[in-house]
Each structure stands twice: as C-alpha cells, then as structure tokens.
Amino acid sequence: MISFDRVTKKYPTQTRPALDTVSVEVAKGEFVFLVGQSGSGKSTFLRLVLREEKTNHGTIHVAGKDLARLASWKVPGLRRQIGTVFQDFRLLPNKTVTENVAFALEVIGRPRHQIAKVVPEVLQLVGLQGKGERMPDELSGGEQQRVAIARAFVNRPMILLADEPTGNLDPATSVGIMKLLDRINRVGTTVLMATHDAAIVDSMRRRVVELEGGHVVRDQSRGVYGYSH
Amino acid sequence: MRFRLVLSEMMIGLRRNLTLTLAVIITVGVSLVLVGAALILSRQVDRLKGYWYDKVEVTVSLCTNTDTQAPCNDQPATDAQRTQISQAIAALPEVQRVYYESKQEAYQHFRDQFKDTPALINNTTPDQLPDSYRVKLRNPQKSAIVISALSGRPGVAEVVDQRELLSPLFRMLHAFQKIAIGTAIGVLLAAIALIVNTIRIAVFSRRREIGIMRLVGASNLYIELPFLLEGALAGLVGGLLALVGVGLIESVLVHGQLKPAFQFTQTAFVTWSDVRFIGIELVVLGVLMSTIVAFLTLSFSRATRV
C-alpha cells in the first residue's frame with residue numbers, strides 16, 4: 001500500500017537529509033507505528049506519503065501510484081484515498097461537528113444527499129452520536145480528535161495517517177482514540193501512526209518502524225517503543 | 001463541483017474584506033474611466049478628422065496686384081496662367097476634384113465670414129481678394145506632392161493645405177489623450193497592486209479552510225475558484241462603474257457642453273453608440289484584468305497549490 005525504496009529527502013535550507021536512504025514496505029491493512037525522537041524524520045515521512053513534498057532520490061509508491069511521476073493535478077485524487085489526523089485536530093472553529101465532517105465531502109464535490117447520509121454514520125462510528133450540532137470548542141480534546149478522525153475517515157480512505165494523534169490528550173483519552181484507530185484498521189484501512197507515546201506502542205503490540213537521524217534503525221513486526229534487544 | 005458552495009465561499013470572502021473590496025472596485029472603476037476617456041478622445045479625433053477631412057482641401061490662391069513677392073511681383077494672374085494652372089492641377093493623379101472660386105465668390109464668402117465687422121467688408125473690394133482653385137485630393141495625406149508641384153508656378157501666390165490649419169487642434173486632443181492614458185496606467189497599477197493584496201489577504205484569512213481542503217483532496221480549481229470569482233466580481237462592478245462614468249462624460253461633456261457650443265458640426269462628435277461600445281469594452285477589460293491578476297497572484301502563492 002505504501003512503499004519507500006531508498007528514499008532520501010533533504011530540505012534546501014538544511015545540510016543533513018531529513019530522511020536518508022529509507023526503505024519501508026507497508027502492506028494493505030497493516031497497522032504501523034512510526035517512532036523516533038523529534039527531528040528523526042517521522043513528519044517528513046508522512047508528508048512524503050501525502051505528496052506535500054517530493055523526494056530527492058528513491059521512489060515512493062502509494063496506493064499503486066509512483067508519486068514522482070504523479071502529475072500535480074492528480075495529487076488531489078491521491079489525497080482522497082488518504083485520511084489524515086494531526087495532534088492539533090485542525091477543526092474549523094466556526095463550523096459545527098457535522099459541518100466540519102461534511103466540509104471534507106463538500107469540497108471534493110460529493111452530492112448533498114450522500115453527505116447527509118454518511119456524516120451521521122461516521123459520527124456514530126467514532127462515538128459522537130448526538131453531538132453533531134456542537135461547536136468544536138464545546139467538546140473535550142478527545143472528542144475533538146474523534147471529529148478529526150471522523151473527517152479523515154468519512155470518505156473511506158484506504159490509508160489513514162496519524163501524526164501524534166494522542167500528543168495533546170491524557171492517557172485515558174488516548175486509549176479511547178487508539179481503540180478507535182484499531183477499529184478503523186480492522187475494517188481494512190492501512191494505518192500509519194507517528195507517535196512519541198511509549199505506553200500506547202507497548203500496549204498495542206503492532207509493527208514498529210523506528211527512525212533516528214533520518215535512518216530506519218528498527219523495523220519489528222510486534223514491537224514496543226524502546227529497544228527490546 | 002458544487003457551485004452554490006463556491007458562490008457562498010466567495011460571498012463570505014467578499015464580506016470579510018469589504019473595505020478592501022470597495023477599494024479594488026473604486027480603483028478599477030477610476031482607472032477604467034480614464035481608459036474610457038482616452039478611448040472617447042481617440043474616437044473624437046477620428047470623428048473630427050473624418051468630418052473635416054471631407055471638407056478641407058488644398059487651396060491654390062492666384063496672384064493679385066497686392067502680392068509683392070515672386071512669382072507675382074504685383075502682377076495679377078493672367079487668363080493664360082489660369083489655364084496653365086488649371087491644366088497642371090488636372091494632370092496630377094492625386095487630385096480627385098477641382099473647382100474654381102472666382103474673386104466675386106471669394107468676396108461673397110468673405111462677407112459671410114465677417115458679417116459682424118462691416119468696417120472690414122466696406123474697406124474690401126472683390127478685386128483685392130485672390131481667386132483660387134480648390135483642390136480635393138483622393139488621399140488627404142498626400143497634400144505635400146500637390147503643394148510642391150504647384151507652388152512657385154507663374155500666377156500662383158500661395159498653396160495651402162487647409163488640414164494644416166487643424167493640426168494644432170489635433171495636437172491638443174492627442175496631448176489630452178496621452179495624459180488620460182498616462183494617468184490611467186498609474187491608477188491601473190494601483191488597482192493591480194490592490195487586487196494582488198486583496199487576494200493574498202483573502203487567502204491568508206482562509207488559510208485554515210484551504211489547508212483542510214488540500215488535505216482532503218479538493219482540486220486546485222475548487223480551492224481557487226472563490227478567489228477568482230471574487231476578483232471577477234470586483235472587476236465587473238468596477239467596469240460597470242466605468243460604464244456609468246463614460247456615460248456621464250458623453251451626456252454632460254459632449255451633449256451638455258460641446259454640441260450646443262458647436263452647432264454647425266453635429267456629426268463631428270462622439271455618439272452614444274460609440275460610448276456604448278467603449279463602455280462594454282471597459283466592462284470586459286475590468287473583468288478580464290482582475291481575474292487574470294487574481295489568477296496570477298494565486299499561481300505565485302504556494303498556499304493554495306497542492
């Protein structure tokens with residue numbers, strides 16, 4: 001589903017590459033933690049998957065497409081197959097929960113009746129039934145992140161990227177969010193989650209890819225956050 | 001594409017930047033009025049030229065006994081000279097038509113022209129006025145050939161291209177036109193700078209929405225269309241203002257001032273149909289200009305592009 005083949009990414013203003021000859025394969029339906037310190041290259045990895053950035057060397061395939069050869073007018077099509085969640089939720093403060101989720105469908109031109117049908121469904125899925133008319137600032141952090149997940153998932157993407165989704169949440173709330181991501185993964189969505197949260201990684205026992213200084217230093221199929229050897 | 005949604009985004013953007021949008025509309029309007037004034041002037045020059053060039057001709061004045069300089073030397077033109085001159089004129093290929101104005105006819109015109117100053121008429125006899133050939137050219141631009149072919153002949157006192165008499169007027173109109181165009185360019189640049197900044201501010205104030213749109217895969221067109229429409233609408237309103245402006249110029253200046261002042265040249269002025277045409281040009285220009293500027297602004301700003 002996602003394949004990095006000797007990918008190097010260097011930002012023009014920096015001397016050291018953010019990612020250095022990174023090769024990673026993520027199969028369809030996998031749940032992968034991307035761990036590492038700040039500046040290890042996790043965010044760059046996710047930005048490359050979204051084609052927010054282009055590689056300097058190496059090739060990336062996402063959902064069967066070679067991103068280097070993908071025409072820029074086809075990038076929106078790629079992003080419609082990827083849902084993305086961030087640490088800071090990125091909700092629109094002047095729209096209700098329902099409107100926030102519907103916005104993602106409106107701007108890609110989905111018909112109104114379809115939006116009216118699927119938005120309540122996905123709110124139900126993330127456990128926000130009955131809160132559709134609330135404004136984001138009336139919700140707890142965990143609930144806001146659920147809205148963000150609903151928005152990312154409402155278009156039923158093949159891939160869900162999560163960049164520190166529990167970074168702003170307390171441990172109990174984080175567990176709820178992880179359960180939700182796990183459920184989304186179980187219906188066949190490939191989930192790639194960058195995180196610092198050792199407790200979560202340790203408890204989930206999923207594949208862990210660790211980055212350090214732009215290199216992959218560990219790739220374990222049922223890993224924990226810290227070194228296990 | 002959900003057009004109502006795009007339209008509502010556009011209206012939100014316009015309201016959010018109302019003062020700036022007004023500034024854009026006014027500068028676009030003012031600059032286009034100036035462009036329109038320049039166009040009206042150039043149309044006016046064409047109309048005047050068309051009118052006068054139909055009337056004016058090259059005048060070949062013949063010698064009288066008061067012309068002291070060569071080739072006259074105080075001798076009035078003889079009939080033999082008249083015949084020669086007439087034949088020479090008829091032989092020129094540039095000449096379309098020629099007619100002879102006798103001293104008596106010249107005196108008649110003179111009396112008409114100076115009927116308000118009888119003293120001048122009383123002191124003038126038909127004999128003092130030159131008879132002349134009035135020459136109409138196929139192409140008024142070629143008067144120099146005719147003038148050089150005829151001046152200096154025996155019996156010819158003077159050859160005058162009457163078009164030359166109008167050239168100060170046309171020079172003045174051209175100068176006005178240049179001033180209008182120069183000012184128009186200045187205000188146009190201000191309008192463009194304002195549009196660029198308005199679009200950038202509009203993009204900035206909606207950066208959160210734009211970020212999400214890009215993330216969920218909205219197309220470039222969908223993201224940019226509200227801004228382009230904002231620009232187009234401001235340009236349209238500015239253009240309509242300019243349309244009203246040139247309409248005012250026509251009704252107040254041309255119909256209110258010029259026409260009553262110069263009753264004898266009714267056809268020589270810019271007409272309503274000229275102004276209608278110019279006004280439509282201005283509206284189209286306003287929409288095109290602001291849309292293109294908005295488009296270029298968006299193309300150079302990374303915020304809206306994938």
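**Entry 1: an open sheet in chain A**

I looked up the open sheet of chain A in this predicted model, where 4 strands follow the order β2-β1-β4-β5 with antiparallel pairing. I took strands (E, at least two residues) and helices (H or I, at least four) as DSSP runs numbered from the N terminus, and I counted two strands as paired if DSSP finds at least two bridges between them. β2 (19-26) and β5 (65-66) of chain A stand at the edges with a single partner strand each, so one side of each is left without a neighbour in the sheet.

I then followed strand β4 (residues 57-62) of chain A, which pairs with β5(A) in the antiparallel sense over 2 bridges. His61(A) has Asp66(A) in β5(A) as its bridge partner. Helix α1 (residues 42-49) of chain A packs on the sheet and touches β1 (2-9), β2 and β4 of chain A; contact means heavy atoms within 4.5 Å. The direction of α1(A) makes about 120 degrees with that of β1(A), where axes are lines fitted to C-alpha atoms, for helices over the stretch in contact, and angles run from 0 to 180 degrees between N-to-C directions.

I noted the conventions of the entries: residues are numbered from 1 along each chain as its sequence is written, and chains are lettered from A and ligands numbered from 1 in the order in which they are written. In this predicted model local features need pLDDT of at least 70, side-chain atom pairs count only at pLDDT 80 or more, and totals for chains, interfaces and linings use all residues, while side-chain values use heavy atoms, with hydrogens and water left out.

**Entry 2: strand β3 of chain A**

Is strand β3 (residues 31-35) of chain A buried or exposed? I found 5 of its 5 residues buried, so β3(A) is largely enclosed by the rest of the structure. Buried means under 20% relative accessible area, exposed over 50%, and partly exposed in between (1.4 Å probe, protein chains only). Phe31(A), Phe33(A) and Val35(A) point one way from β3(A), whereas Val32(A) and Leu34(A) point the other way. In a regular strand the side chains alternate between the two faces of the sheet.

I recorded two parallel pairings of β3(A): 5 bridges join it to strand β8 (residues 190-195) of chain A, and 4 bridges join it to strand β9 (residues 207-212) of chain A. Leu34(A) has Ala194(A) as its bridge partner in β8(A) and stands opposite Val209(A) in β9(A).

**Entry 3: the largest pocket**

I read the volume of the largest pocket as about 520 Å³. Of its 22 lining residues, Leu41(B), Gln44(B), Leu173(B), Leu258(B) and Phe269(B) are the closest to its centre. A pocket is, on a 1 Å grid over the protein atoms alone, an open set of points where a 1.4 Å probe fits, with protein on both sides within 12 Å along at least five of seven lines; lining residues have an atom within 4 Å of a point. Grid points are joined across faces, edges and corners, and the volume is the space filled by probe spheres set on the points.

Which element gives the largest share of the lining of the largest pocket? It is α7(B), with 7 residues. By class, the lining has 20 nonpolar, 2 polar and no charged residues; Ala, Val, Leu, Ile, Met, Phe, Trp, Tyr, Cys and Pro count as nonpolar, Asp, Glu, Lys and Arg as charged, and the others, Gly among them, as polar.
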